[in-house]
Amino acid sequence: ISLYQIFKHMSVHGKPRIVTTHVLNEMKLRGEKIAMLTAYDYSMARIVDQAGIDVVLVGDSASNVMAGHKSTLPITLDQMIYHAQSVVRAVKRALVVVDMPFGAYQGNSKEALSSAIRIMKETGAQAIKMEGGKEIVESVHRILSAGIPVMGHLGLTPQSIHKFGTYVVRAREEEEAQKLVEDAKLLEETGCFSIVLEKIPAKLAGEVTRNSKIPLIGIGAGDQVDGQVLVIHDMLGITQDFSPRFLRRYHNLFAEISGSV
């Protein structure tokens, strides 16, 4: 580990910097890239946090990599709370964000607020994440009114996979691209502290990022965003049957574990 990496995560008092939504905004202003990874259990979350990752996402991708489902749709609110509780016990400095699962907020802003409050009260996490644009604004308003930070998610939104019918890059056509630009602006104006952009053209992601005052985190959205997020099982090479072009594997842990066992 370099001296830069050490000092990057130290406060002015020499202690590890506690990452907050305010810290993420400061990082954007300084042009400092934001690193975000998923975690679903105590042991992995502890490693990720101690490595210096800025944001730990308790993703609904747990439905895929932890439970073996083909999509993120089956995971429940109770299951997300269980995973988030395990992660929060391990994390000492990173910002912990929890995905609101499918069915916990769509089309019902009162239920959205209830779900968000349960996550915050029962897990101790610092923020929640929601997929969608204009259609979730009422829910975002309600959740923010309770003092709960909200991270948005645009582009390929996996909870809507049956609407899309495929995991290909989104917003290639002008109409969809324009809607994404408008949704990003709307989420920012509503009060989201950050937005994830998933599988959209790099040029579009760069345009949205430059025109936004909040951090934009990309996954398969090029390098013109404010940070990157990956599913840790993909990044470490634990999963072998998922190989999108944007994925950079830093290790082949599947082979390592297989060999050790």
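Which residue's side chain meets that of Asp49 in a salt bridge? The partner is Arg93, with 3.4 Å from N to O. Keep in mind that this is a predicted model. The close-up views below start with that pair and then visit the barrel, other charged pairs and the nonpolar cores.

**View 1. Asp49 and Arg93 form a salt bridge.** Asp49 lies in helix α3, while Arg93 sits in the loop between α5 (77-90) and β3 (95-99), so their contact ties together parts that are 44 residues apart in sequence. Asp49 has a relative accessibility of 2% and counts as buried. Arg93 is buried too, at a relative accessible area of 8%.

**View 2. Eight strands make a closed barrel.** Follow the strands in the order β1-β2-β3-β4-β5-β6-β7-β8, and you will find them paired in the parallel sense. From one strand to the next, the twist averages 25 degrees.

**View 3. Strand β1 pairs with β8 and with β2.** Here we stay with β1 (residues 34-38), where four of the five residues are buried, so the strand is largely enclosed by the rest of the structure. Its parallel pairing with β8 (residues 227-230) extends over four bridges; look for Ile34, whose bridge partner in β8 is Gly227. Towards β2 (residues 55-58), three bridges join the strands, again running parallel. Met36 stands opposite Val55 of β2. Between β1 and β2 the chain passes through helix α3 (residues 42-50), making a right-handed β-α-β crossover.

**View 4. Strands β3 and β4 run parallel.** Three bridges join β3 to β4 (residues 127-129). To find your way along this pair, look for Asp99, which stands opposite Lys129 in β4.

**View 5. Arg118 reaches Asp78 through a salt bridge.** The side chains of these two residues meet at 2.9 Å, N to O. Arg118 belongs to helix α6 (residues 109-123) and Asp78 to helix α5, so the pair ties together parts that are 40 residues apart in sequence. At 29% relative accessibility, Arg118 is partly exposed.

View 6. Glu32 is buried, its relative accessible area being 14%. Across the model, the count of salt bridges comes to 10.

**View 7. The largest nonpolar core holds 60 residues.** In soluble globular proteins, nonpolar side chains tend to be buried together. In this core, the residues that touch the most other members are Met100, Ile128, Met130, Ile143 and Leu197. Helix α5 contributes the largest share, with seven residues.

View 8. What does Ile143 contact, leaving aside its neighbours within four places in sequence? Met100, Ala112, Leu113, Ala116, Ile128, Met130, Ile148 and Val150 make up the list.

**View 9. A second, separate core contains 17 residues.** Among them are Met27, Met151, Val196 and Val229.

Technical notes
Residues are numbered from 1 along each chain as its sequence is written. This is a predicted model: local features need pLDDT of at least 70, side-chain atom pairs count only at pLDDT 80 or more; totals for chains, interfaces and linings use all residues. Side-chain values use heavy atoms; hydrogens and water are left out. Buried means under 20% relative accessible area, exposed over 50%, partly exposed in between (1.4 Å probe, protein chains only). Helices (H or I, at least four residues) and strands (E, at least two) are DSSP runs, numbered from the N terminus. Two strands pair if DSSP finds at least two bridges between them. A crossover is right-handed if, with the strands pointing away from the viewer, the path from the first strand over the helix to the second runs clockwise. A salt bridge is a side-chain nitrogen of Lys or Arg within 4 Å of a carboxyl oxygen of Asp or Glu. Axes are lines fitted to C-alpha atoms, for helices over the stretch in contact, and angles run from 0 to 180 degrees between N-to-C directions. A nonpolar core is a set of buried Ala, Val, Leu, Ile, Met, Phe, Trp, Tyr and Cys residues joined through side-chain atoms within 4.5 Å. Contact means heavy atoms within 4.5 Å.
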